Amino acid sequence: MLIKNAPEIRASEITDESHYLRRREFIRLATGVAFGALAAGKAEAQTPLPNITKHIVTTAADEKVNSFQDITSYNNYYEFGMGKNDPQRYAGRLKISPWTVKIDGACAKPADYHIEDLIKPFELEERVYRHRCVEAWSMVIPWVGIPLASVLKLAEPTSKATFVEFTTVLRPTEMPGLSSGGLNWPYTEGLRLDEAMHPLTLLAVGLYGKTLMNQNGAPIRLVVPWKYGFKGAKSIVRIRFVSKMPVTSWVEENPDWYGFYSNVNPNVNPVRWDQSRERRLPGFFATRKTELFNGYGEQVGSMYSGMDLKKFY
Amino acid sequence: MRRIIKPLAFLAALLPVAWLVWGIFQGTLGANPAETIQLQTGRWALKFLVLTLAVTPVRRLTGWNTVIQYRRMLGLFAFFYASLHFTSYIVLDQFFDWGAIVRDVPKRPFILMGFTAFVLLIPLAVTSTKGWIRRLGRRWQALHRLIYVSAICATIHFIWKVKVATGDPTVYATIVAALLGFRVAWSVRKRIQRPGRTVPQSAA
């Protein structure tokens, strides 16, 4: 039943038709890169996701999709260390099978789901999204996943549910970065309910047509393309409906640098960051002008109408 | 012996920049080569600052006096890598947008701190020649104490730059604190030992 109720994004809403029509060319290129990586022995743990039914490209024709190598070797996942290479080096230690996701809080049907059961009822979609890090670099990433809204509706949130909190797995023996301190673990993130239900918000389980690499947040992670990358909680073990704005890990660490919303915005520059421009990797120069809502303003802007984005950053 | 070792040390000090240039052309600097260049030039600037600051303590503690002959070279390499680091900010981050740079430097404490550390090294590099040492006389040494301030600023720059202050920035801060602490301890000891200027003795 829920499949029928799941909101659909018409591709025409997101990208113009000429780009959409070129999607097969893109997929061909993409799989080429993926197989290249496979041949190099980099993706041996990944299994293909054969039942991807939709391919939605949200980026412009001149935006090149980043290579599998770039996406899987340059990650912020502090549980595995603070170096950009550390997640690639150490994330293999994380055991992702079996995996259970707890959905609870203000909802009528809280439950623990085996990840297979959580995903199986829905059609997998490929979504090519811009990914903008708060560190002023960006990539284009071909995620595979399902709309978060589909999963949230399973739990039937009550009227008290106004926010959703996401918790990342915490396993000190498998996550060497935890011993060096850092954030107040486990990593938590949050969205307002309408943001969580937005059709662009994705629960990603794959990359380049295969299951996620651990360094990218396997087996299941959040992708919110109009927000800074850290909003996308990785390796999720709990999704909780709450009535108050959650205090997320980064806001707790440094509220002057990070806000709850963390929408990509070239005009909001907390003291640490200059967000007016970005470096599109693997390029050298930070000359790309950052777009409000990372270029997804048409789809998401209305959720923030009337809000002072400088105050609610 | 020095004729062989010094040129070798000079070449060794160029290895990090050689590795970066090689990496740019070979594409081995990772997904974000600009960041690798910035991190590495910054780290090597700080490493050479630390090495320069270590010369005097090493000489005093070990009596190995020849080490002083390497101090200028080490200091100039600190300046060299700091210059590359600063240039990487101008070119890779800002792409010569001078208006943005003028707005950015004072607004962001960590950039201002790094900028100060770099600017303080300029007069030291300029006056590192024999001619300037002669001309400035006693004032030369006073002027070159600016390296202490520069090292402190560079360390704070590193700590403020990272999102979570653990690991390497803390290690560098500890080393810089130890090297500067050595100087304080040394001068206190000297003052106590100097005849006629001893601390008044208590009734004994």
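In chain A, strand β6 (residues 163-168) and β11(A) run antiparallel and are joined by six bridges. Within this pairing, T168(A) has I236(A) of β11(A) as its bridge partner. The model described here is predicted, and in it β11 (residues 236-242) of chain A also pairs with strand β2 (residues 100-105) of chain A, in this case in the parallel sense and over four bridges. Opposite K102(A) stands R238(A), a residue of β11(A).

In chain B, the packing of helix α8 (residues 146-161) against helix α9 (residues 168-193) is described by an angle of about 165 degrees and by a separation of 9 Å between the two axes. Because angles over 145 degrees count as roughly antiparallel, α8(B) and α9(B) are assigned to that class, and their crossing is left-handed. On the side of α8(B), the contact is formed by Y148(B), A151(B), I152(B), T155(B), F158(B) and I159(B), which meet P169(B), Y172(B), A173(B), V176(B) and L180(B) of α9(B).

The contact between the two chains draws 21 residues from chain A and 14 residues from chain B. On the side of chain B that touches chain A, the elements giving two or more residues are α2 (33-62) and α3 (71-93) of chain B. This side of chain B contains seven nonpolar residues, together with four polar and three charged ones.

Terms used
Residues numbered from 1 in each chain as written. Chains lettered and ligands numbered in written order. Predicted model: local features only at pLDDT ≥ 70, side-chain atom pairs only at ≥ 80, totals over all residues. Contact = placed C-beta atoms within 7 Å. Nonpolar A, V, L, I, M, F, W, Y, C, P; charged D, E, K, R; others polar. Axes fitted to C-alpha atoms, helices over the stretch in contact; angles between N-to-C directions. Parallel < 35°, antiparallel > 145°, perpendicular 65-115°, else oblique. Left-handed = near helix turned anticlockwise from the far one by under 90°. Pairing = 2+ DSSP bridges.
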